[in-house]
Amino acid sequence: SMGVNIEEGFEPKYISMPGKKKVIDDLLKEADKASAIYLATDPDREGEAISWHLAHLLNLNETDKNRIAFHEITEHAVQDALKEPRSIDMNMVNAQQARRILDRLVGYELSPLLWKKLCKGLSAGRVQSVAVRLIVEREREIAAFIPEEYWTMEALYSGVDTSGKTVEFPAILTHVKGKKANIPNGDVAAQLESALKGKNGLVEEVEKKKRSRKPSPPFTTSTMQQEAARKLNFGAKKTMMLAQQLYEGKATGNHGHVGLITYMRTDSTRIAQEMQIAAKDYILSHYGSAYVPSKFHAYASKGNAQDAHEGIRP
């Protein structure tokens with residue numbers, strides 16, 4: 001069924017998933033033995049809703065201060081979170097419920113239409129519908145594009161520098177008689193070429209510039225997927241499967257089973273401060289102070305980023 005009562009205030013109807021009965025029974029058994037229960041799901045809307053569902057399943061009072069949240073999985077972050085438990089934030093829970101309900105209302109109504117008109121198994125919804133619209137609009141722009149011919153011209157000059165040494169350098173034609181160069185076809189290009197051939201050039205000005213290159217921000221889920229596609233030709237599914245394995249960890253010699261990257265589902269570029277300090281200490285001791293910046297790099301997050309986890313890092 002739709003799972004949402006449209007007639008009575010869009011009230012959602014929840015049931016426990018049949019395949020999860022054993023997990024729920026195990027949780028209830030452990031909850032009966034525990035002197036205190038803390039709900040430490042992700043500190044975003046989805047995580048808050050999961051804590052709320054768990055509170056219902058485990059017969060906890062949702063107004064009790066049993067919810068803890070940490071934005072990075074480090075010892076200090078976990079200890080600090082345990083010092084400041086809070087009650088479940090119902091605003092975040094309701095925001096997530098509204099999203100789920102919207103998914104149902106849009107997806108469950110649209111998908112059957114696709115099955116009827118296009119082919120079985122397709123799904124539409126809150127996100128896909130908008131994405132398809134954007135793709136269609138872009139395709140229409142491409143189809144409506146009228147190509148125009150244009151030419152560019154480059155010359156190779158040679159001259160003598162201040163030390164008397166002969167140097168060669170390329171130059172691109174940008175202006176003709178003070179106006180921006182417009183070379184619409186081969187005939188105009190040929191005319192310009194014969195007008196320039198054999199003529200001396202004059203270097204009027206030399207401008208020197210310094211460029212500083214900043215390191216790329218830490219990976220977020222989307223930038224990691226883009227880079228894996230660009231450099232390794234991996235699809236998003238393969239990238240996430242491999243990242244999951246790195247997150248869960250590998251057996252590494254004397255260290256035992258070790259997680260190799262931080263959580264791979266994130267929209268934040270923030271890095272745990274203790275990790276920054278550890279990296280700084282390592283660079284100082286191995287490479288020297290010349291390689292340590294005066295302050296840690298900080299990258300602005302997008303305004304709508306939930307910032308639930310730090311960026312993906314080793």
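Let's start with Tyr157, which is partly exposed at 28% relative accessible area (buried is under 20%, exposed over 50%, partly exposed in between, with a 1.4 Å probe and protein chains only). This is a predicted model, where local features need pLDDT of at least 70, side-chain atom pairs count only at pLDDT 80 or more, and totals for chains, interfaces and linings use all residues. Residues are numbered from 1 along each chain as its sequence is written, and side-chain values use heavy atoms, leaving out hydrogens and water.

**Aromatic rings**
- Tyr157 and Phe169 have ring centres 6.1 Å apart and planes at 20 degrees, so they are stacked (rings of Phe, Tyr and Trp, its six-membered ring, pair if their centres lie within 6.5 Å; planes under 30 degrees apart are stacked, over 60 edge-to-face, the rest tilted).
- Phe169 is partly exposed too, at 31% relative accessibility.

**Salt bridges**
- The whole structure has 16 salt bridges (a side-chain nitrogen of Lys or Arg within 4 Å of a carboxyl oxygen of Asp or Glu).
- Arg86 pairs up with Glu48, and their closest N and O atoms are 2.8 Å apart.
- Glu48 is buried at 0% relative accessibility, while Arg86 is partly exposed at 29%.
- Lys197 forms a salt bridge with Glu193, with the closest N and O atoms 3.9 Å apart.
- Lys197 is exposed, at 62%, and Glu193 is partly exposed, at 43%.
- Glu227 and Lys231 make another salt bridge, with 2.6 Å between the closest N and O atoms.
- Glu227 is partly exposed at 22%, but Lys231 is exposed at 61%.
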